[in-house]
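Hi,

Here is the structure I said I would pass on.

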Amino acid sequence: MPSGQDPFVGREAELTALADCRAQAVAGVPWLAVIVGEAGIGKTALARHAVASGKDGLQVCMTSAAVAEKDLPYGVVDQLLRRLPRGTPGVRDLMESLSPRAAPLSIGASLLAVLAAVSDQAPLAVVIDDLPHSDDESLHALGFTLRRLWSEAILIIVTARTGEPVDQDPTRSDTGHVDDRAATGEPWDRMLRGAPHVLPLVLRGLAGKHTSALAEAAGITGLSPVAVDRLRQRTSGHPLHLKTLLNEVPATVLKDTSRPLPVPSTLRSVIQWTLQRLPDDARKLLDVLAVLNTETSLAQAGQITDLHDPTSALAPLLDAGLVSWDPHEPSTPVCVHHSLQRDAVYEAINPTRRAALHAAAAAAVGADAAWAHRVAAATSPDPLLIEQLEAEADRQAAEGNHARAATLQLWAADLLPPGDQGHAHHLLSAGTHLLLGRKEHAAKALQHRIERCKPDERRDAILGCLATIGGDFATAEHLLSRANTIAADTATHTLAATGLAVVHLLRFDGPPATRVLRPLIDRLPWGPAAHRARGLLAYAAAYTAGPGAGLEVFTEADLPEKAAHVSHEDSPLLFYRGGLRVMAGQLASATDDFATLLTRQQADSDILVEGAEKYLSGFAHYLTGRWDDALICADQALLVADTDDQPWGLPFGHVVATLVHAHRGHWTLARTHAEACRQGSLLFPEVVSLFSVLAHAVLAQAQGDHSAMLAALDMLENPDKIAPGQRTLYGLLWAPLLVQAATTHPARAHLRQAADALRILDGLTQHAPGLATTTHWLHARLAACNGDRDEALPRFQAALDAPAVPGDDIPLHRAYCHEDLARHLQTTGRQSDHARATHHLQDAVQAFTTLDAAPHAQRAADALSRLRPTRGTPQTKISQTHGRLRPAIHLTEREQHIAHLATQGMTNQEIAHQLYLSPKTIEYHLSHVYTKLDLSNRRQLRAALHGSVQGTV
């Protein structure tokens, strides 16, 4: 603000570092600067100074988070959008989509596009003050945006308090909000992980020379080194403390070092000492500004405190450095300069007067802000206010704003004594809202208070859910079972039943989950809660009897078979059904479900984006040979899991990446992803162990090491390691590997396992004709292993004769079949079979090469070269690249993703939308692709990547 700004001294090293970040950002290398330090240390001043006007045309957007608005979904994002240049493309649409139910990933992707559009006009700096006070939704969205910045001319600076603030309890909140980050130690900096370029700055007290410079800026010259050192020691170089002393203590007293300073030693005490010296009207105005605790018009502040001349009352406050004021704005907004000053002033107000000011403020501010003032004005239990708070909480919850509903219920609880039955009722209502809104960290902050409540079904439901989050499944099952049995109200029953079902599903135990969910679905009205319950029921059925049984749940619900015919309201069900269709081998239908869901998510931010849909799509693309698309899905699965702070979700993205990189011979990348998957299985064994097995089995498969492959798969036989429900659901992924490995090194026990695995695949094939090639091929391998030539050969031929159903065929399995049939034919001794073997090996080489499965193609080519070639059969030569057979081997992973989509005919804008990047980043990477491959357009790129293959067949 123009008036009330402080002089700025020191911080030369920090300013130099920030100036370097600014210069790089202006040149198109985005930077994030994180300024941390205790309250009043000068973080905001440094940020403002760093983005001050210069010759580079930097646009500046200043935003600030506030505790009072932390349960306002997307409050910080909304503030940011309102301060961007008028007419910025996409701003209006994005602001209209900021509903409580909006998915942070969707909002973050749209925000990226908006910020990129602004930076296309001129470099942009975004400053977010007091980041830890941001609402969770904004933190998630901003975190996603930061991860996708790459070549935009954007500098982002965030500030955050760390350590114990000066003279202040860091978890203190006069407004009663649940500050889950302060209470539970949740890292507020989760949004910063993954940003490409980060500058961390930790501010401490000013040095002696800067203390002297600050005094001179305040008009006090001639301080001796002793006087300067005394000031610095008294304040620890704390800028706000220094400025307060310099404003209040005469220069002659500061210079006289023979006597102690006649002021209190702490900043809070100095501020309160200052208050005693203010004129009455100035003190009245300051009191009301402290009560309002937000920027407000000078006229409104004067009206609340009944001041006839608020402008005159303002002057002493400006002189004392206690307020900031902008007379150039039409409303002449004014506020207390710093939160430390505000807290000291608020604490010094007489309780009776404080209540009266809150009552007056409640009548003057908006309806939503008035609630906090009404609560603060209450000096005794107010039944009408409590009733109104509960009604407003119900309204907020119905709109999806569970965090706000919880805050209102907590205020209602705090208006009653802890032993009162109503106190427990409102406290438990708050916990229920937080869990239904998936605000687990905030609910965890209330755990100790909830534990002190009298046992009942709501208490059991909440504590049971918290036990699940903490990994104590036994306690969770006990509490949730009891709550589910006796819960009468819909909210508690929904929470208990859903929570209990999740406990069973985390153990992959389908039958008890089914028994819990069936009655719940019968009671729930159609909507988000019912969608989730039905989706969980489908997976419970799949854990029990396979993915086909899970799909029957959607058939029973009359969900249309074609994704396009599913109503928009029922879009979340596409996620659950799509995943089960993948595991059922109905790959084309699964891809259609996920593609439709993605299109709707991009058009409607209220449709939740789950990391699971990304890796499940990745499995579908992997099986159908669209390996570039599978890698894109793996990258997005990792991005969503990291952004949503869900470490248990990371291994799923890693396993998809392992499968593709292993088959392509990218050994370093494959081993890196496989090891990340293994580490995840150590942290979350119940959920991840099967996928670690898959990763290492496929890595061995790609290396041609079937012994290691079989050793990795042995864990499948240990129910303590791999739950039977997991085996039942994911049979399509592990069963072909087991049959292939077991029939390479036959042993009686292994062959029995192979036969059991084949029965699972036979069951899937009844409803997935595209799996015919897979099942016939594996039956042929088993028959050949058992010496049954009469069955083996027709099975091999049936596998290759099965039509390649578009979108359902698994080309890797078809290629294996050619290779295995060639090996089988070589054992007959007939010359005609020798020739047929040669042709099948040629087909195998071609199929593997088309897939870019370099290690497999090379082994097939080596086998072909060992055969005596028949006349007219050309030799096969495979490039020894141990990786991609195309020029894309020279590209980075992100460049490969972008190049792949560009060859599919997508525009830069469409690619940006697909990959959650900005069009400028797409343009940047495509230019590098063209340079590396010596190309100039998309047509040449398509020819380079898809029009030619190294080697001839």
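Below is what turned up on helix packing, backbone angles and cysteines.

First, keep in mind that this is a predicted model.

Helix pairs

Two packed helices are described by the angle between their axes and the distance between the axes. Take α28 (residues 528-545) and α29 (residues 547-556) to begin with: their axes come within 6 Å and cross at roughly 150°. Angles over 145 degrees count as roughly antiparallel, so α28 is roughly antiparallel to α29. The crossing of these two helices is right-handed. On the α28 side the contact involves R534, G535, L537, A538, A541, A542 and A545, and on the α29 side P547, A549, G550, V553 and F554. By type, the residues of this contact split into nine nonpolar, two polar and one charged.

The other pair is α39 (residues 731-742) with α40 (residues 748-765). Here the axes come within 9 Å, with a crossing angle of roughly 145°, and the crossing is left-handed. From α39, the residues making the contact are G731, L732, W734, A735, P736, L738, V739 and A742; from α40, they are H750, L751, Q753, A754, A757, L758, I760, L761 and L764. That contact counts 14 nonpolar residues, three polar and no charged.

Positive phi

Most residues other than glycine have a negative phi, and most peptide bonds are trans. D306 has a phi near 60°, a positive value in a residue other than glycine. You will find D306 in the loop between α14 (298-304) and α15 (310-319), and D306 is exposed, at 58% relative accessible area. For D558, phi is also positive, near 60°.

Cysteines

A disulfide would need the two sulfur atoms within 2.5 Å. C633 is buried, with a relative accessible area of 8%. C785 is in no disulfide either: the nearest cysteine sulfur is that of C817, 16 Å away. C785 is partly exposed, at 24% relative accessible area.

Cheers

Notes
Residues are numbered from 1 along each chain as its sequence is written. This is a predicted model: local features need pLDDT of at least 70, side-chain atom pairs count only at pLDDT 80 or more; totals for chains, interfaces and linings use all residues. Side-chain values use heavy atoms; hydrogens and water are left out. Axes are lines fitted to C-alpha atoms, for helices over the stretch in contact, and angles run from 0 to 180 degrees between N-to-C directions. Helices (H or I, at least four residues) and strands (E, at least two) are DSSP runs, numbered from the N terminus. A crossing is left-handed if the near helix is turned anticlockwise from the far one by less than a right angle, and right-handed if clockwise. Contact means heavy atoms within 4.5 Å. Ala, Val, Leu, Ile, Met, Phe, Trp, Tyr, Cys and Pro count as nonpolar, Asp, Glu, Lys and Arg as charged, and the others, Gly among them, as polar. Angles under 35 degrees count as roughly parallel, over 145 as roughly antiparallel, 65 to 115 as roughly perpendicular and the rest as oblique. Buried means under 20% relative accessible area, exposed over 50%, partly exposed in between (1.4 Å probe, protein chains only).
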